Amino acid sequence: MRILVVEDEPKMRALLRRALAEEGYAVDVAADGPAALGLAAAAAFDAIVLDVMLPGLDGFGVCAALRRDGVWVPVLMLTARDAVSDRIRGLDGGADDYLTKPFSLEELLARLRALIRRGPAERPVVLRAGDLRLDPATRAVTRGPVEVTVTGKEYALLEALIRHPGMVLTRQMLREHCWDLAASPYSNVVDAHIKALRDKIDRPFGTNAIETVRGAGYRLRRDGGSLTRLASAP
């Protein structure tokens with residue numbers, strides 16, 4: 001197993017390198033953000049231990065850049081800052097786990113073992129279908145450069161659809177995902193909210209991202225609804 005340690009403080013970097021090597025890992029180290037990105041691009045790692053406070057580019061920026069480049073290696077972030085907002089920023093930015101300094105080496109090793117068992121899995125930070133984007137971290141929905149304001153239920157429906165592009169989701173599936181058990185299975189609540197969602201993400205832009213599949217349910221087109229297809233549709 002190969003681990004990348006990104007830590008600018010020399011003593012901590014040496015400590016982590018030695019501890020991981022004693023556990024049998026092959027360990028590479030970087031002292032700043034740009035060096036970390038260079039190593040991650042040049043070699044395949046099983047996990048990255050990433051400090052937040054780095055010169056050149058901080059850990060948040062490194063993690064975001066890795067995810068944008070399609071690198072889904074598990075990332076364990078380290079920081080001396082214990083603010084909840086920092087932990088949320090790291091996790092929403094694509095990190096898999098978060099450990100606040102000071103920490104025990106035993107806990108760090110256990111967290112790494114858990115991440116490595118889980119392995120890399122593609123988890124896009126921002127969900128896309130063509131020029132339609134949904135950011136789970138900020139709950140922002142945009143169509144091209146335009147931000148679209150949606151309600152909580154509209155957001156939940158769009159998130160369900162955009163996470164399964166091209167797949168037909170039945171009304172029951174959407175109801176179970178977006179409403180509690182008290183919602184009546186006989187109501188048209190899903191249809192009403194889909195119509196409202198279309199009025200916001202499709203009709204103002206001349207697109208048709210959300211398709212009705214008669215007798216089944218709804219699906220979101222993978223291309224987000226193209227103007228060309230809409231114009232040429234019979």
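Modeller: This is a predicted model; the chain has a mean pLDDT of 86, and 89% of its residues reach 70 or more.

Biologist: Which elements have the lowest and the highest mean pLDDT?

Modeller: Helix 9 (residues 227–232) has the lowest, at 45, and strand 3 (residues 47–51) has the highest, at 95. Over residues 228–234 the pLDDT is below 50, and this stretch has five contacts in the model beyond near neighbours in sequence. Where pLDDT is low, the predicted coordinates should not be read in detail.

Biologist: Why are helix 6 and helix 8 called roughly perpendicular?

Modeller: The axes of helix 6 (residues 152–162) and helix 8 (residues 189–201) come within 10 Å and cross at roughly 85°. Angles of 65 to 115 degrees count as roughly perpendicular, and helix 6 and helix 8 are therefore described in that way.

Biologist: Which residues of helix 6 and helix 8 meet?

Modeller: Lys153, Glu154, Leu157, Leu158 and Leu161 of helix 6 meet Val190, His193, Ile194, Ala196, Leu197, Lys200 and Ile201 of helix 8. By class, this contact has eight nonpolar, one polar and three charged residues.

Biologist: What makes the charged end of Arg139 sit over the ring of Tyr155?

Modeller: The rule requires CZ of Arg within 6 Å of the ring centre and within 35 degrees of the ring normal. The charged end of Arg139 is 3.9 Å from the centre of the Tyr155 ring and is assigned as sitting over that ring.

Biologist: How do you know that the peptide bond from Lys101 to Pro102 is cis?

Modeller: Its omega is near -5°, and the bond is cis. Pro102 lies in the loop between strand 5 (97–100) and helix 5 (105–118). Most peptide bonds are trans.

Terms used. Residues numbered from 1 in each chain as written. Predicted model: local features only at pLDDT ≥ 70, side-chain atom pairs only at ≥ 80, totals over all residues. Heavy atoms only, no water. Axes fitted to C-alpha atoms, helices over the stretch in contact; angles between N-to-C directions. Helix = DSSP H or I, 4+ residues; strand = E, 2+ residues; numbered from the N terminus. Parallel < 35°, antiparallel > 145°, perpendicular 65-115°, else oblique. Contact = heavy atoms within 4.5 Å. Nonpolar A, V, L, I, M, F, W, Y, C, P; charged D, E, K, R; others polar. pLDDT = per-residue confidence, 0-100.
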